[in-house]
Amino acid sequence: MEAKSIVISVEGMTCNSCVQTIEQHVGKLNGIHDIKVSLEGKNAVIIYDPKVQTPESLQEIIDDMGFDATPANSNPEP
Amino acid sequence: SSSSFQKHEFFVDMTCEGCSNAVTRVLNKLGGVQFDINLPNKKVCIESEHSIDTLLETLKKTGKTTNYLGEK
């Protein structure tokens, strides 16, 4: 089984309930091996199967939940 | 004439402003809705042309526990 890792910036979370909601909801989806959401870091670290999910699909899932999701590590600072 | 749409009340398990903002965002994405969010009572009152099922499905996108309470 393939696994890739991605960091997605998530804006709009204000409490641990938001964190848990995202972890539980996304964690249940196909192709998600693991997800860790950080309230302080305002991001989600997701280990996923690239055959099932893409950075775009993952971003859209979180965006659809009502949070502002943007890729965090696709454009590294020089 | 004033609005002809029925108001529907939903329970959404919101605990903070982040939760209610998430509800606001998914409802605005759906469009065609007017709504009030009561965070302390965990209630969302929606006036819309959409069916109850559509509204419920939209609210469930937030990943929170959601129930239809009835007409208001």
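**View 1. B:Asp36 has B:Cys45 as its bridge partner in E3(B).** Strands E2(B) and E3(B) pair in the antiparallel sense over six bridges; pairing here asks for at least two DSSP bridges between two strands. In their hairpin, four residues lie between the strands, and B:Lys42 takes a positive phi near 55 degrees. Strands are DSSP runs of E with at least two residues, helices are runs of H or I with at least four, and both are numbered from the N terminus. A word on the model: it is predicted, with local features needing pLDDT of at least 70 and side-chain atom pairs counted only at pLDDT 80 or more, while totals for chains, interfaces and linings use all residues. Residues are numbered from 1 along each chain as its sequence is written, chains are lettered from A and ligands numbered from 1 in the order in which they are written, and side-chain values use heavy atoms, leaving out hydrogens and water.

**View 2. The open sheet of chain B has four strands, in the order E2-E3-E1-E4, with antiparallel pairing.** Strand E2 (33-38) and strand E4 (66-71) of chain B are at the edges with a single partner strand each, so one side of each has no neighbour in the sheet. On average, neighbouring strands are turned by 25 degrees against each other, direction ignored; axes are lines fitted to C-alpha atoms, for helices over the stretch in contact, and angles between N-to-C directions run from 0 to 180 degrees.

**View 3. E1 (residues 7-12) and E3 (residues 43-48) of chain B run antiparallel, joined by five bridges.** Here you can find B:Phe10 opposite B:Val44 in E3(B). Helix H1 (residues 17-30) of chain B packs on the sheet and touches E1, E2 and E3 of chain B, making about 175 degrees with the direction of E2(B); contact means heavy atoms within 4.5 Å. Helix H2 (residues 52-60) of chain B also packs on the sheet, touching E1, E2, E3 and E4 of chain B, and its direction makes about 30 degrees with that of E1(B).

**View 4. At the interface, 14 residues of chain B are in contact with 13 residues of chain A.** The two chains bury about 1000 Å² between them, 47% of it on carbon and sulfur atoms; this is the accessible area (1.4 Å probe) lost on putting the two parts together, summed over both. B:Arg25, B:Lys29 and B:Lys61 supply 40% of the area that chain B buries against chain A, more than any other three residues.

**View 5. The side chains of B:Lys29 and A:Asp64 form a salt bridge, at 3.0 Å from N to O.** The rule (a side-chain nitrogen of Lys or Arg within 4 Å of a carboxyl oxygen of Asp or Glu) finds three salt bridges across the interface of chain B and chain A.
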